[in-house]
Amino acid sequence: MKVLFSHQHRAFTVFVSVLLLSLALAACGSSANGGGTTGGGGTTATGANGGKGCKKVGVLLPDTASSARWDGVDKPDLTAGIPKALSGATVDYYNANGSAATQQNQADQALTKGDCILVVAAQDSDAASAIVQAADKQGVPVIGYDRLIQDDKLKFYVSFDNVKVGELQGQYVVDHYKDFTSKSKNLVMINGSKTDNNAILFNQGANSKIQPLVDSGSLKKVYDTFTPDWNNDTARTEMDQALTKNQNNVGVAYVANDGMANSVIASLKAQKLNGKVLVTGQDATVAGIQNILTGDQSMTVYKAIVKEADATSQLVAAISNGTDTASLTNGSTTKDKNGTAIPSVLETPVAVDKTNFQTTVIADGFVTKAQVCQGLPAGTGNFC
């Protein structure tokens, strides 16, 4: 009997040990995957809980070189606006400095740090799909900021009507090209980066207005290129090439944004052609407005970035609070390349030139008179 009891005791001890080990392993597994459950769509919702209750927000912007807006306007508007809309929220800020790979690494860092809502202005609209996928697996929603990310899992998109931006640029060419083409009907088009979905939309909108002039022979398109990474130095090289190829005979330079326009103007200045060529732009930067006042740039497109940042901040707050977001989107949806409609907020851009810059960008405080007039001679544009 003593031996039987000993065997039974050891067997019971082994059984209990195995049971406890199994329970411990199960607990570890649950902890490792955040206690996630699989939803109907096959997405694993982890401890991030789809952003509900989230107070740690990651903001990832694309670069500092292509436009002064990213660090100068978007960053302060978002880092101040999100905590204002969502009490107790903190913001981790990242800038990819022009590298899609860096942005991917930064997104991984943000997720590792526990950022449970991501706001991403993609350096590369296709490559950023990996960010959305990684976030989605952890139950972290991604808001595409300014640039559409090509992924069906993107939760929201906040931007401007970017086809409209191009239409405004193109319509300006239609309305004013005759003032610049008495000597040359040649048109140069220097577009943004093909990795930025917005650049495609700007080009689409601009061509919808300009192409009829080309078809009729009123303008002759002699140079048309997309500029990798919106690189301003590359834009200078492109304009140099266009001028050389056409013996300096250019009447219109469609340029997608102010940063590249400034480089195009430098190219024109080298040939003493500045002010003699219609030059478009976008972003209403200080340099862009200065170039308009000096007569070297014809127009820009003003996008009230504070509205874009505010709409994003309100969406972040709604996601965190678990409140309805339908009232925040303006009814417009932008479809990704797979045809998936992404709930969107699309603000309205405004064409700006010397006739209305004071009632738009100056009146709104987007740029100040002191900023614009710094370094310019007194009396420039009858403003400084």
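**Chat on helix H7 and its surroundings**

Colleague: What do the buried residues of H7 pack against?

Modeller: Four elements: strand S8 (186–191), strand S9 (220–226), strand S10 (252–255) and helix H8 (258–270). Helices (H or I, at least four residues) and strands (E, at least two) are DSSP runs, numbered from the N terminus. Contact means heavy atoms within 4.5 Å.

Colleague: Where do these coordinates come from, and what is left out?

Modeller: This is a predicted model, where local features need pLDDT of at least 70 and side-chain atom pairs need 80 or more, while totals for chains, interfaces and linings use all residues. Residues are numbered from 1 along each chain as its sequence is written, and side-chain values use heavy atoms, with hydrogens and water left out.

Colleague: Back to H7. Which of its residues are buried?

Modeller: Asn 232, Ala 235, Glu 238, Met 239, Ala 242 and Leu 243. Buried is under 20% relative accessible area, exposed is over 50%, and partly exposed is in between (1.4 Å probe, protein chains only).

Colleague: And why do they end up on the same side of H7?

Modeller: Because they cover an arc of only 135° around the axis. The arc is taken from the directions from the helix axis to the C-beta atoms. As background, an α-helix has 3.6 residues a turn, so residues three or four places apart point the same way.

Colleague: What's exposed on the other side of H7?

Modeller: Asp 233, Thr 244 and Lys 245.

Colleague: How many residues does H7 have, and how far does it reach?

Modeller: H7 runs over residues 232–245, so to speak, with 14 residues, and it reaches 20 Å from its first C-alpha to its last. That is close to the 20 Å expected at 1.5 Å a residue, where the expected span is 1.5 Å times one less than the number of residues.

Colleague: What happens to the backbone just after H7?

Modeller: Gln 247 takes a positive phi of about 50° there.

Colleague: OK, H8 next. How far does that helix reach?

Modeller: H8 has 13 residues and reaches 18 Å from its first C-alpha to its last, close to the 18 Å expected.

Colleague: Which residues of H8 are buried, and what covers them?

Modeller: The buried set is Asp 258, Gly 259, Met 260, Ala 261, Ser 263, Val 264, Ile 265, Ser 267 and Leu 268. Their cover includes S8, H7 and S10, and also strand S11 (278–279), helix H9 (286–294) and strand S12 (300–302). Just after H8, Lys 272 takes a positive phi of about 55°.

Colleague: Switching topic: where is Ser 125?

Modeller: In the loop between strand S5 (117–120) and helix H4 (129–137). Ser 125 is buried, with a relative accessible area of 3%.

Colleague: What does Ser 125 touch?

Modeller: Leaving aside residues up to four places away in sequence, Ser 125 touches Leu 148, Ile 149, Gln 150, Thr 195, Asp 196 and Asn 197.

Colleague: And Thr 333, where is that found?

Modeller: Thr 333 is in strand S13 (residues 333–335). With a relative accessible area of 45%, Thr 333 is partly exposed. Its contacts are Ala 341, Ile 342, Pro 343 and Ser 344, again not counting residues up to four places away in sequence.

Colleague: How far apart are Thr 333 and Leu 346?

Modeller: They are 13 residues apart in sequence and 8.6 Å apart in space, C-alpha to C-alpha.

Colleague: Last one, on the whole chain: how many helices and strands are there, and what share of residues is buried?

Modeller: The chain has 12 helices and 15 strands. Buried residues make up 49% of its 384 residues. Of the contacts with a separation of 6 or more, 71% are between residues 24 or more positions apart.
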